[in-house]
Amino acid sequence: MINYGLSRLSSMLASRQISSVELTQLFLERIQRYNPSTNAFITLNEAASLEAAAQADMRLADGNAAPLTGIPIAHKDIFCTEGWRTTCGSKMLENFIAPYDAHIITQCKQAGMVNLGKTNMDEFAMGSSNETSYFGAVSNPWDLAAVPGGSSGGSAAAVAARLAPVATGSDTGGSIRQPAALTGITGLKPTYGVVSRYGMIAFASSLDQAGPMAKSAEDCALLMNVLAGFDARDSTSLERQTEDYTRLLDQPLAGLKIGLPREFFAAGLSDEVARSVEAALDEYRKLGAQTVEISLPNSSLSIPVYYVLAPAEASTNLSRFDGVRYGYRAPNYDDLDDMYEKTRAQGFGAEVKRRIMIGTYVLSHGYYDAYYLQAQKIRRLIAQDFTQAFTQCDVIMGPTTPDTAFNRGEKTDDPVAMYLSDIYTIAVNLAGLPGMSIPCGLDHRNRPTGLQLIGNYFSEAHLLGIAHQFQQATDWHERMPDAFRG
Amino acid sequence: MSLNLQDVQRVAKLARIAVSDDEAQAYQQQINGIFALVTAMQAVDTEGVAPMAHAQDVHQRLREDLVTEYNRRTVFQALAPQAAEGLYFVPQVID
C-alpha cells in the first residue's frame with residue numbers, strides 16, 4: 001500500500017476499504033521506524049494527525065469528501081502551521097509555535113488532508129544538501145551516506161522512503177526539483193504567483209514558490225488542484241481561473257517539440273546523468289515527440305545573478321529576526337545593538353549568516369548599481385532567452401542536476417561547489433517559469449537521476465501530462481530503495 | 001573586486017551579526033569565493049535593459065477599505081522572548 005498512488009488511496013478511502021485513521025497510523029508507524037535513520041521529520045504530533053484523520057473519516061462517512069480527503073501529507077517546515085512548531089530548520093525558530101496557517105496549509109486542511117508532520121530542510125531554505133539544518137542532516141533513503149539534496153530534503157526523503165504518500169516543498173533556486181532528482185521522486189515548481197506565499201517563511205520573495213513533491217506526476221497534479229489558487233494575502237498571487245491540473249494527463253505526445261538547450265549538455269554534466277537523460281529523450285521520441293536543439297545563451301549567468309539577488313532579498317527578509325517579537329534571543333547582552341548582534345550570531349547558522357552578509361554588501365551604498373541592479377538587468381536577459389526558446393519548442397528538457405547525490409560532508413567546506421549543484425534549476429526561478437523533475441534512472445551506485453522539464457508560463461497541466469506519459473511508459477517513478485520496503 | 005577584513009566587519013555590523021576575528025577571516029575567504037563567481041556579471045552589456053524585479057508584471061491590487069485584521073496581541077505576544085502588559089521588552093535605549 002505504501003507504493004499506491006493518491007487516486008488509488010482515495011478510492012480505497014471512498015469505498016471504506018481503509019480508514020484515514022488506519023492509513024495515517026500506517027505512515028506514522030513507518031516514520032517512527034525510519035525517522036531515526038533518515039531524519040526526514042523535525043516535528044511530529046501524532047495526536048493531532050490522528051484527530052485530523054478521524055475528522056476526515058467522518059467527512060468520508062458523511063459523503064462530503066473532496067478528492068484528497070483522508071490522505072496524509074508531510075509539510076516542509078517552512079510553512080506556518082497553527083499550533084505546530086514551525087522552525088524553518090533554524091535555531092532562531094526552535095520553539096516557534098505558529099499562530100496561524102500558511103495559505104497552502106489552509107487549502108490542505110479544507111481538502112481534508114491529514115498533516116503527518118513537519119519535514120526537515122536547510123536552514124531558511126538556504127542549501128542544496130539539507131546539511132545546513134539546525135536539526136541535523138537528512139539521509140538519502142537510496143544511500144544513507146548520501147545527501148537527499150535541498151532545501152526540501154526532508155520532504156524528498158519522506159516521499160522516497162514512503163514515509164508519506166505526498167509532501168509539500170518550496171523552490172527558490174531548485175529546492176523542489178534538485179532534491180526530487182537526488183531521491184528519485186517527482187516534484188513541480190509552479191509558475192511564480194500560482195501558489196500563494198502567505199505563511200511561507202520568506203527567503204527570496206521574488207523567487208520563492210511552493211509546490212508538490214510526490215511519487216508521480218499524477219499525484220503532483222492532484223495536489224496542485226489543492227495548492228493552487230488566488231489569495232489576496234499574497235500581493236504577488238495571480239488572479240486566474242481555477243484549472244484542473246489533471247486535465248491533460250492523458251494527452252498523447254505525438255508532435256510534441258522538445259527543446260534541448262545545448263548549454264545544459266555541455267562540460268560539467270556527468271556521463272551517467274547524461275546517459276540516463278539521453279535514454280529518457282529516446283523514450284520521448286518513441287512516444288512521438290521530436291527534439292530540437294535550442295540555446296539559452298545567458299544561462300551560465302544564472303548562478304552569479306542568483307547569488308546577488310537571493311541574498312539581497314534574504315538580508316531584507318531575515319532582518320525581522322531581531323530577538324524582540326518572536327524567536328530566539330541571546331541570554332546575555334549589554335545593550336540593544338549587542339542584543340541584536342548576539343541574537344543573530346547565535347540564532348543563525350553559518351550559511352544563513354554568509355548570505356545575509358553578501359546581501360547586505362550588494363545592497364550597501366556604492367555597490368547597489370554594480371551588483372543588485374546589474375543582476376536584475378541580466379535576470380531579464382535570462383528570462384528573454386526562455387521566451388525566445390519557446391518560439392521553437394513546446395517544452396524544454398535536460399538534466400535536473402549535473403550529478404547524482406553526493407556524500408554528506410563532501411561539499412560543506414566549499415560553498416561555491418555546493419552552489420553549482422543548482423546550475424540547471426536556478427534560471428527557471430529567475431524567469432518565474434514552471435519546472436519539474438522526474439526520475440529517469442539510477443547510476444552505478446544505485447543513486448537516482450532526474451530529468452528536468454521546463455514549460456512556458458502557466459503550462460503546469462501540460463508539463464504534468466508530458467511527465468505522466470513518460471511515467472506510463474517507464475517504471476523509474478515506481479522504484480523505491482530496498483532498505484525501506486519492510 | 002574582493003573584500004578585505006574591514007569590509008567583512010563593516011558588513012557584519014550593518015547586518016547586526018556579531019563576528020569574532022577568526023570568523024571574519026573565514027567569512028572573508030568564503031565571501032570572496034562567491035564574489036569571484038559574481039564578477040562574471042560585470043562583463044555583460046546591459047545598456048538599455050530594464051531591471052526585472054518580479055517574474056510577472058503585475059500591478060499592486062487595490063481593495064475595499066475594510067478591516068481585515070483583528071487584534072491578536074495576546075496570541076502574538078505569547079511568542080515574544082520577553083513581553084508583559086502588552087509591551088515588548090528590550091534593553092534600555094534612552095538614558
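## Helix H9 of chain A against helix H2 of chain B

Two residues are in contact if their C-beta atoms, placed from the backbone, lie within 7 Å. In this predicted model, Ile303(A), Pro304(A), Tyr307(A) and Val308(A) of H9(A) meet Ile34(B), Leu37(B) and Val38(B) of H2(B). By class, this contact has 7 nonpolar residues, with no polar and no charged ones.

Two packed helices are described by the angle between their axes and the distance between the axes. For H9(A) and helix H2 (residues 21–38) of chain B, the angle is about 130°. Their axes lie 8 Å apart. Angles over 145 degrees count as roughly antiparallel, and 65 to 115 as roughly perpendicular. H9(A) and H2(B) are therefore oblique to each other.

## The side of chain A that touches chain B

The whole interface brings 53 residues of chain A into contact with 41 residues of chain B. Five helices of chain A each supply at least two residues to this side: H9 (302–317), H10 (336–347), H11 (350–362), H12 (369–389) and H13 (415–419). H12(A) gives the most, with 11 residues.

What is the side of chain A that touches chain B made of, by nonpolar, polar and charged residues? The residues divide into 31 nonpolar, 11 polar and 11 charged.

## Chain A as a whole

Chain A holds 15 helices and 11 strands. Its C-alpha atoms fill a box of roughly 65 × 55 × 45 Å, taken along the principal axes. A compact globule of 486 residues would have a radius of gyration near 23 Å; chain A has 21 Å, which agrees.

Of the 486 residues of chain A, 62% count as buried. Now take the contacts in chain A with a separation of 6 or more. Residues 24 or more positions apart account for 76% of them.

Strand S11 (residues 448–454) of chain A has 7 of its 7 residues buried, so S11(A) is largely enclosed by the rest of the structure. Both faces are covered. On one side, Pro448(A), Gly450(A), Gln452(A) and Ile454(A) are all buried. On the other, Thr449(A), Leu451(A) and Leu453(A) are buried too.

Which strands pair with S11(A)? One is strand S9 (residues 395–399), in the antiparallel sense over 4 bridges. Here Ile396(A) stands opposite Ile454(A). Another is strand S10 (residues 435–442), also in the antiparallel sense, over 7 bridges. There Ser437(A) stands opposite Gln452(A). S10(A) and S11(A) form a hairpin with 5 residues between the strands. In that hairpin, Asn446(A) takes a positive phi near 70°.

## Val195, a buried loop residue

Val195(A) sits in the loop between strand S5 (186–189) and strand S6 (209–214) of chain A. Is Val195(A) buried or exposed? A residue is buried if 20 or more other C-beta atoms lie within 10 Å of its own. Val195(A) has 30 other C-beta atoms within 10 Å, so Val195(A) is buried.

Which residues does Val195(A) touch, not counting those up to four places away in sequence? They are Ile104(A), Pro190(A), Gln209(A), Ala210(A), Gly211(A), Leu227(A) and Ala228(A). Thr168(A) is 27 residues from Val195(A) along the chain, and the C-alpha atoms of the two are separated by 12 Å.

Key:
Residues numbered from 1 in each chain as written. Chains lettered and ligands numbered in written order. Predicted model: local features only at pLDDT ≥ 70, side-chain atom pairs only at ≥ 80, totals over all residues. Nonpolar A, V, L, I, M, F, W, Y, C, P; charged D, E, K, R; others polar. Rg over C-alpha atoms; globule rule 2.2 N^0.38 Å. Buried ≥ 20, exposed ≤ 12 C-beta atoms within 10 Å, placed from the backbone. Axes fitted to C-alpha atoms, helices over the stretch in contact; angles between N-to-C directions. Parallel < 35°, antiparallel > 145°, perpendicular 65-115°, else oblique. Pairing = 2+ DSSP bridges.
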